[in-house]
Amino acid sequence: MTASPAPAAALTTRAHDAKSRIVDDILTLVRHETGSYDLPRLATGLDLLRELTVERLGRPDHEQRRPGGAYGDTLTLTYAGSGAGHVALIGHYDTVWPTGTLAGWEQPGAPEDGRPRLSGPGIFDMKTGLAQGIWALKLARESGLPLPTVTFLFNGDEEIGSLSSRPVIEEVARKADVTLVLEPSAHGAVKTARKGTGIFQVTATGVESHAGLAPQDGASAITALSEFVVAAAAVAAPDKGTTINTGLIRGGSAINVVAGQATAGVDIRVSSAAEQDRVDAELDAIKVSDPRVRIEIDHAWNRPPMTLNAASAPLLDLARTVAREQGRAPLRDTAVGGASDANFVAALGLPVLCGMGAVGDGAHAQGEFIYPDTVPGQTALVAGMLGRLADS
């Protein structure tokens, strides 16, 4: 990837001058709650995000809103560039927080590190990244840089697996030369490797009977499922990056009835396709003590593992060059256990960097926060990359 160096100092100055306005936009997005399962709030949240983008960048040259059905819609907004190239900026507007969380959200007290923080549901993961991405293009434009065509993709179902938006993500990534995912950084590091994820549903079907009068006639689905869960946990191999967590269990009909059915939701993380195959085989091989109980496993692998592929390595080098030009500390990259929409792009063998968004901590936890003093630097980094990618 070759291009002329962007005017790093001018971009950085512009980003610092715009800091309060970028933060205002971040808080505007945070104040509108968009939990993954609240379709009305997701719809109005996407309307708000579109309005904010148009307010900052003008009307796009092309836009399309894809209905999400049972999930949030996916919106693409394309802005034609003044130079060559095409960059996709991807971010999700749904959060893990149900509607009403904001009302009881407590701001953090004085931080031990002395750095100001801003906290709110979804501020770190990942509404800050959305605002920074919009402002990155705005600042790059104002700097007079030759710019590539930029397509924003905003999806409303990432936190629950991108079940509706995945085809759109793959379509947009195939049309672009480069994809930058605006997920939060890892303490300032970009993310070049992520685990693959499985969201398995396990169903145990037994035989109901009266727990007092004829317990021997029953075959407990709950007991069998409990045996399965313990055995499944033993399939994990943390030394290979494989974790297995049963996070949800439901079952039975009444306390005095031997349970005829029970289900479990199992979260699985793997670092390689080989581990994915091993986990499939070993879970299928698990036997429970009562043969009258039938165990069925829905092997729903949601995202493939992401690694730093050959196409992405030059993109990482470019990001490090831009960071150096902007006077930042050396830009680090890292592997993380969580998955994102970058996994889909990497699996296609296409160039992608993830973690281009917020600096902070606490994703999916009460008190998630960002460091507002990092907002200008992160915004300038994306803007600088857009400038350098115009001739790639």
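Analyst: Helix H4 has 20 residues, which at 1.5 Å a residue should span 28 Å, and its end C-alpha atoms are 26 Å apart, so the two agree. The expected span is 1.5 Å times one less than the number of residues. Helices (H or I, at least four residues) and strands (E, at least two) are DSSP runs, numbered from the N terminus.

User: What sort of model is it, and how are residues numbered?

Analyst: It is a predicted model, in which local features need pLDDT of at least 70 and side-chain atom pairs count only at pLDDT 80 or more, while totals for chains, interfaces and linings use all residues. Residues are numbered from 1 along each chain as its sequence is written, and side-chain values use heavy atoms, with hydrogens and water left out.

User: Back to H4, then: how many of its residues are buried?

Analyst: Of the 20 residues in H4, 18 are buried, so the helix is mostly covered. Buried means under 20% relative accessible area, exposed means over 50%, and partly exposed lies in between (1.4 Å probe, protein chains only).

User: Which peptide bond is cis?

Analyst: The bond from Asp125 to Met126 is cis, with omega near 0°. Met126 belongs to H4. After H4 comes Gly144, which has a positive phi near 75°.

User: How far is Ala140 from Val382?

Analyst: Their C-alpha atoms are separated by 9.0 Å, although the two residues are 242 apart along the chain. Val382 sits in helix H10 (residues 375-388), and its relative accessibility is 1%, so it counts as buried.

User: Changing topic, how many aromatic pairs are there?

Analyst: The structure holds 5 aromatic pairs. One of them joins Tyr79 and Phe152, whose ring centres are 6.2 Å apart with planes at 85°, so the pair is edge-to-face. Rings of Phe, Tyr and Trp (its six-membered ring) pair if their centres lie within 6.5 Å; planes under 30 degrees apart count as stacked, over 60 as edge-to-face and the rest as tilted.

User: Which strands do Tyr79 and Phe152 lie in?

Analyst: Tyr79 is in strand E2 (residues 74-79) and Phe152 in strand E5 (residues 149-155), so the pair ties together parts that are 73 residues apart in sequence. Tyr79 is buried at a relative accessible area of 2%, and Phe152 is buried at 0%. Another aromatic pair, Phe369 with Tyr371, is edge-to-face, at 5.2 Å centre to centre and 85° between the planes. Both Phe369 and Tyr371 are buried.

User: Which residues do ring pairs link into a cluster?

Analyst: Tyr79, Phe152 and Phe154 are linked in that way.

User: And which residue lies over the face of Tyr371?

Analyst: Arg115 does, at 3.8 Å from the ring centre. A charge sits over a ring if NZ of Lys or CZ of Arg is within 6 Å of the ring centre and within 35 degrees of the ring normal.

User: Which helix gives the most to the lining of the largest cavity?

Analyst: H3 gives the most, with 3 residues. Helix H3 (39-57) and helix H4 (123-142) each supply at least two.

User: How much space lies in the largest pocket, and which residues lie nearest its centre?

Analyst: The largest pocket holds about 1100 Å³. Its lining has 41 residues, of which Glu158, Glu159, Ile160, Arg269 and His364 lie nearest the centre. Strand E14 (301-303) is among the elements that each supply at least two lining residues, and E14 gives the most, with 3.

User: Where is His364 found?

Analyst: His364 is in the loop between E17 and strand E18 (369-370). Its phi is positive, about 65°, although it is not a glycine. His364 is partly exposed, with a relative accessible area of 43%.

Key:
On a 1 Å grid over the protein atoms alone, a cavity is a set of points where a 1.4 Å probe fits but cannot get out, and a pocket is an open set with protein on both sides within 12 Å along at least five of seven lines; lining residues have an atom within 4 Å of a point. Grid points are joined across faces, edges and corners, and a volume is the space filled by probe spheres set on the points.
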